[in-house]
Amino acid sequence: MQAQRLFDTLEELSTCNATPGNGVTRFSWSEADSRARRVLERELKAIGLEPWTDGMGNLHARIEGSTGAPAVLTGSHLDTVRNGGRYDGTYGVVAALEALRSFHDEGYKPERAIEFIAFAEEEGSNFGSTCLGSKGIAGQIDVEGLKRLSNAEGAAYDALRAFGLDPDALPGEQIDPANVKAFLEVHIEQNAMLEDAGRELGIVTAISGMRLHRIVYKGHSDHAASPMQGRRDPAAGFAELAFRMEQLWKDGDLPEDFSCTIGELACSPNVGIVVPESVTFTIDIRHVDVPVLEEGWQRIESLVRSVAESRGLDLELVRLSASGGVRTSSEVGEVFRQAAERRGVQPLFLKSGPAHDAASLGSRVPVGLLFVPSIKGLSHCPQEATAPEHLALGAWVLEDALRSLAGGGRP
């Protein structure tokens, strides 16, 4: 592993960016995304590989193995949130690329094939559905689902076709568990647990389940001077719901390790002297156990509906995304641990709050997820940072783990 080569590629990909000077914005199937793909394709071809792209826009390349044993997959996502950081997802992509470049440099011949994947649309920035690229090849969304999934500009299916992709090929591109040994991903932590514990690496034992819903409260728009009596004010309904939802957690009606977040909010019309006609917002919920997650949502949904009914508001409620809720492979975790200890590092075993592509693939195949520290726990912002020595360490451990699982050696 060449640390400087890793850093240089991370730097080059950070320039594939729609918002220079204000974080990194690289939505899937955009011009910035196209530039980033060309960088990766260039680097993969330079080591003799032939990259290909599936119907979801996931970019693949493969070192063939000397046997027909199930392959080892590795990678992460290439897209970002708006005005995000340079490491979220991209680091895992480049670490996987660097492992392949190192194998090429040393003439390593694996027994199992090693397949690189740079996933599309993990963040859900286009259509609100997270991990969409990995869900596509994990069988968690089909072609009809892509036609139903839409934003103001149209359906996801049409966006894929406009980018030159073939979503109709998706049924034949899904992962066959019989052909996969495991999927390995390395990612920045996006939390401060490692930093607070003074640890250099984290091995994830479980990835929290996530559910994202869009809610619209519709009432009656009026002048701000209209009488308070009899108003059907969706903003007041939203405020009541936000307070009472948090109170559910404070009162113990939701578990202590349950998270619920209102992340997106819009009033219409958004005018200071007008009672709004509608308020649109999202609720994100998370817990590591899916049954607990769904039970918690039932409590929150009941509250959403009761507030609407008591205030005479019309209600629209749509589930946008469901991800995560998987346990990682103990075998892969042990391989990560041994690789870390060979570097003189004692990793911390922890759970992941954010969902990752490993969560989607974990519904079909064994997965392992390795974390490197995020400075001050920051992510999804321009200030996102990880120490260079930790970036290099994570890439080294990933490379060692891939080698252990794939077998083989020099010719």
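Trainee: Is histidine 187 buried or exposed?
Mentor: Keep in mind that we're looking at a predicted model. Histidine 187 sits in strand 7, residues 180–188. Its relative accessibility comes out at 1%, and the cut-off for burial is under 20%, so histidine 187 counts as buried.

Trainee: And histidine 77, what is its relative accessible area?
Mentor: Histidine 77 has its place in strand 3, which covers residues 71–77. This one is buried too, with a relative accessible area of 0%.

Trainee: Which side chain has a polar contact with histidine 187?
Mentor: Start with what histidine 187 touches beyond four places in sequence: the list includes His77, Asp88, Gly89 and His356. Histidine 77 has a contact list of its own, with Asp88, Glu122, Glu123 and His187 among them. The side chains of histidine 77 and aspartate 88 are joined by a polar contact of 3.2 Å. For histidine 187, the polar contact is 3.0 Å, and the side chain on the other end is that of aspartate 88.

Trainee: Moving on to the sheet, in what order do the 4 strands come?
Mentor: It's an open sheet with antiparallel pairing. The edges are strand 11 (259–268) and strand 14 (314–323), each pairing on one side only. From one strand to the next, the twist averages 15 degrees. Reading across, the order is 11-13-9-14.

Trainee: Over how many bridges do strand 11 and strand 13 pair?
Mentor: Strand 13 spans residues 278–287, and its pairing with strand 11 is antiparallel.

Trainee: What angle does helix 9 make with strand 9?
Mentor: Take helix 8 (residues 234–250) first: it lies across strand 9 (209–218), strand 11 and strand 13, running at about 15 degrees to strand 13. Helix 9 (residues 290–310) packs on the sheet as well, touching strand 9, strand 11, strand 13 and strand 14. The direction of helix 9 makes an angle with that of strand 9 of about 5 degrees.

How values were computed
Residues are numbered from 1 along each chain as its sequence is written. This is a predicted model: local features need pLDDT of at least 70, side-chain atom pairs count only at pLDDT 80 or more; totals for chains, interfaces and linings use all residues. Side-chain values use heavy atoms; hydrogens and water are left out. Two strands pair if DSSP finds at least two bridges between them. Helices (H or I, at least four residues) and strands (E, at least two) are DSSP runs, numbered from the N terminus. Axes are lines fitted to C-alpha atoms, for helices over the stretch in contact, and angles run from 0 to 180 degrees between N-to-C directions. Contact means heavy atoms within 4.5 Å. Buried means under 20% relative accessible area, exposed over 50%, partly exposed in between (1.4 Å probe, protein chains only). A polar contact is a pair of N or O atoms within 3.5 Å; within protein, one must be able to donate a hydrogen and the other to accept it, and residues adjacent in sequence count only if both atoms are side-chain atoms.
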